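Here are a few notes on the fold, written as numbered points. Have the model open while you read.

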Amino acid sequence: MCTQSTPVGYDHAKVQNSYHTLKDFNMDQKEQFSPHSHIPYGEAGTGFYTDNTLGCYNVIQEATPLVLESIKNTNIKGGSVFTIADYGTADGGTSMPIIYACVKAIREKYGEELAINVIYEDQPVNDFKSLFMRVHGHIPGPPSFLLDFPNVYVTASGTDFYSQCFPKNTVTLGFSATAMHWLRKKPCSITGALHHTMITIPEEGEKFREQAAKDWEQVLLKRADELMPGCQMVLVQFAVDEKGQFLGNTDGNKVSMHHLMRDLWKGFVSEGKITEEEFHHTTFVNYYRTLEEFKKPFETDSPVTKAGLKLVSMETRVVRCPYKQRWMTEKGDPKEHAKRYVPTTRTWSNSTFLSGLSDSRSPEEKAKIVDEFFQRYEDEVAKHPEDHGMDYVHAYIVVKKE
């Protein structure tokens, strides 16, 4: 497992201000394709996402016993292929240790004769370059199962998980972490805030809840098509837990991440850097579900249960921010700490702030505004590092297809 150390494998100064947008697409392509999730931030092929999202290693590590138990409970015929599907993989780094553990367990159970196919799924704009650089060992990080085990194959799918990605009844083990909170479309803009957890107008809240419910059912139905009967999938997804805690807003931190983002972005309106309309259009198109919302599609005679899916287990867990833990243990220069910490919030949020800005602005102007926003975020963290931390709140879900 990757240790909680300073990211390696890239020039931090070089990639700190780089970003991906759809600016390399022509206008016709922009009109034809719009990602439902964020657009990766950081230079393609550098492994920036994983190197700056260290907490996800710990989140996924917590799921290792669940996937190993799923493999133990799965029996397939000789001569077939054991297919592992990693949905919403990003650059593949954070799931490398758990996929490695899966391949090792499969080898121990079935021997070297059984072919193992690992399929990584994400959107067409995903940083698949970093993914393949990682699995082939060209980016430093966790050991690669592809290099350490025989008869293992790696492929990628650029079909998003709201569609059927793989042939019917071909996935032996499904896995996804921190991905299925992204919605297919924006339900509405949010009055006075950026994230659904701060909605104050009931009608807006209902629109987000309805879209999230439809999307969760859609995700499960498509996985039901792909999963082999008798096989399982483990889904580790952002949640609002029983205490009302969610990503970046837990009892371990004085400052709420989403509230601070809102306040800083609102401050840009007061300073005339962005317009009120741009603030209103800046919306995180995602939703953190409660356990009740996760469970609902598994009710008797629902489309999901009719498709053969059964809920095996579900629970919430809080995984503490490794950057905050490092600061509390080692201290040091608060400005350097802030430079390490803030990118873990930017890897997935950068494109949301860019998308809120008017198309009348040039890409360069948009980038400059967003760069300044995250510099302000760094400045705030440097003032009181002990008050900031992006703790993770997830639901750990095991589902079986009967």
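1. Start with Arg 317: its bridge partner in β7 is His 394. Strand β7 (residues 392-401) is joined to β6 by 10 bridges, and the two run antiparallel. Strands here are DSSP runs of E, at least two residues, and helices are runs of H or I, at least four, numbered from the N terminus.

2. A word on the source: this is a predicted model, where local features need pLDDT of at least 70, side-chain atom pairs count only at pLDDT 80 or more, and totals for chains, interfaces and linings use all residues. Residues are numbered from 1 along each chain as its sequence is written, and side-chain values use heavy atoms, with hydrogens and water left out.

3. Zooming out, the sheet is open, with 7 strands in the order β3-β2-β1-β4-β5-β7-β6 and mixed pairing (to pair, two strands need at least two DSSP bridges). At the edges sit β3 (152-157) and β6 (309-319), each pairing on one side only. From one strand to the next, the twist averages 15°.

4. Helix α5 (residues 64-72) lies across β1, β4, β5, β6 and β7, at about 175° to β5. Helix α9 (residues 202-226) lies across β1, β4, β5, β6 and β7 too, at about 150° to β5. Angles run from 0 to 180 degrees between N-to-C directions, with axes fitted to C-alpha atoms, for helices over the stretch in contact; contact means heavy atoms within 4.5 Å.

5. Now the helix pair: α10 (residues 257-270) packs on α17 (residues 363-383) at about 125°, axes 10 Å apart. Among the contact residues are Trp 265 and Phe 268 of α10, and Phe 373 and Arg 376 of α17.
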